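Please view the structure below alongside the text.

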Amino acid sequence: MTKILVPFDFSEQAQNALDFSTAIASKFDSVEISILNVVEVPSGSGMGTMGGGEMMPEMENQIFFIELINRRKEQFKELEQKYKESSFSFSTKIVLGNAFKNISSSIIEEDPDLVIMGSKGSSGLEEILIGSNTEKVVRTAHCPVVTVKAATDPTKFKKIVFASDFKENQDELAARLKTLQKWFDANLYLVVINTPGNFETTRRSASRIKMFVNKYEIRHAVAEIYNSNSEEEGIVEFAEDIDADLIAMATHGRTGLIHLFTGSIAEDVVNHAKRPVWTFKVK
């Protein structure tokens with residue numbers, strides 16, 4: 001662990017993600033926490049819509065953003081002062097533009113070991129048509145992403161649920177999973193979710209989990225088969241039933257029409273789970 005990227009919008013969820021990040025960073029030597037704040041600029045070159053639906057002339061927009069950026073700089077100075085005696089290093093950056101595009105660019109440029117983001121989750125029409133910036137980052141990031149909703153102490157993690165069908169070749173995913181387990185010194189619960197539309201025998205599911213464990217030399221692991229109405233419901237329910245600290249999943253990073261029609265189990269779990277979710281995009 002050398003670098004953690006934290007997209008930060010000064011919300012309660014973002015603060016929970018930052019607290020989660022500093023707790024992890026404190027366990028390692030020479031970790032850098034890179035905090036990114038994106039000031040979103042209204043669309044249109046000359047006029048923009050601000051709070052209350054009022055149209056503001058370009059010059060007033062410029063003054064507004066200058067004042068906002070200066071306020072963000074002061075807030076970042078306070079954060080830097082708060083953590084100046086910490087074992088990890090701390091850097092901040094403010095950019096203007098689209099949140100998702102700037103977060104994605106920073107992930108590519110900075111190449112962090114982990115992205116940690118706060119999330120409110122989404123539901124209904126918003127979830128189907130738009131999704132959140134967090135979902136989009138989960139879908140596209142080349143490094144693991146942890147989404148955090150509530151205040152959580154990762155130094156006390158002891159149970160990690162890894163949900164999969166265990167059918168594909170998962171060399172890189174397994175290596176990342178073992179690293180995650182090592183970071184937290186936790187037990188792994190390897191679970192297959194059995195659904196009415198995709199039923200198979202316990203013997204067959206257990207056999208695949210066993211092959212995964214043997215192939216990748218997984219230690220301190222428990223195999224589970226859990227029945228539910230859908231994969232995403234089963235993952236969330238199983239994690240609740242065993243009081244897991246973290247859910248770990250792979251995502252295939254589908255975009256465009258394919259994503260619209262097929263959806264993503266990982267993104268659904270990110271939206272609906274109350275506990276932190278670790279995701280990694282597999283090729």
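The model described here is predicted. It contains an open sheet of 10 strands with mixed pairing, and the strands follow the order β5-β2-β1-β6-β7-β12-β11-β8-β9-β10. At the edges stand β5 and β10; each has a single partner strand, so one side of each is left without a neighbour in the sheet. On average, neighbouring strands of this sheet are turned by 25° against each other, direction ignored.

In strand β1, 5 of the 5 residues are buried, so the strand is largely enclosed by the rest of the structure. Lys3, Leu5 and Pro7 point one way from β1, while Ile4 and Val6 point the other way, and all are buried.

The pairing of β1 with β2 is parallel and extends over 5 bridges. Within this pairing, Val6 has Ile35 of β2 as its bridge partner. Between β1 and β2 the chain passes through helix α1 (residues 12-25), and this β-α-β crossover is right-handed. Strand β1 also pairs with β6, again in the parallel sense, over 2 bridges. Here Leu5 is placed opposite Val115 in β6.

## Strands β2 and β5 with helix α3

Strands β2 and β5 run parallel and are joined by 8 bridges. Leu36 is found opposite Lys93 of β5. Helix α3 packs on the sheet, where it touches β1, β2, β5 and β6, and its direction makes about 155° with that of β2.

Helix α3 comprises residues 99-110, which is 12 residues, and spans 16 Å from its first C-alpha to its last, close to the 16 Å expected at 1.5 Å a residue. Its buried residues are Ala99, Asn102, Ile103, Ser104, Ser106, Ile107 and Glu110. These buried residues pack against β1 (3-7), β2 (32-39), β5 (89-96), β6 (114-118) and α5 (133-140). Both ends of α3 show a local feature. At the start, a side-chain oxygen of Asn98 comes to within 3.1 Å of the backbone nitrogen of Phe100. Just after the helix, Asp111 adopts a positive phi of about 50°.

## Strand β12 between β7 and β11

Strand β7 (residues 145-148) runs antiparallel to β12 and is joined to it by 3 bridges, with Val145 opposite Thr279. Strand β11, by contrast, pairs with β12 in the parallel sense over 5 bridges, and the bridge partner of Ala248 in β12 is Trp278.

## Helix α8

Helix α8 spans residues 231-241, and its buried residues are Gly234, Ile235, Val236, Phe238 and Ala239. The elements that cover these buried residues include the strands β8 (159-163), β9 (187-194), β10 (221-227) and β11 (246-251), together with the helix α10 (265-272). Just after α8, Asp243 takes a positive phi of about 55°.

Terms used:
Residues are numbered from 1 along each chain as its sequence is written. This is a predicted model: local features need pLDDT of at least 70, side-chain atom pairs count only at pLDDT 80 or more; totals for chains, interfaces and linings use all residues. Side-chain values use heavy atoms; hydrogens and water are left out. Buried means under 20% relative accessible area, exposed over 50%, partly exposed in between (1.4 Å probe, protein chains only). Helices (H or I, at least four residues) and strands (E, at least two) are DSSP runs, numbered from the N terminus. Contact means heavy atoms within 4.5 Å. The expected span of a helix is 1.5 Å times one less than its number of residues. A polar contact is a pair of N or O atoms within 3.5 Å; within protein, one must be able to donate a hydrogen and the other to accept it, and residues adjacent in sequence count only if both atoms are side-chain atoms. Two strands pair if DSSP finds at least two bridges between them. A crossover is right-handed if, with the strands pointing away from the viewer, the path from the first strand over the helix to the second runs clockwise. Axes are lines fitted to C-alpha atoms, for helices over the stretch in contact, and angles run from 0 to 180 degrees between N-to-C directions.
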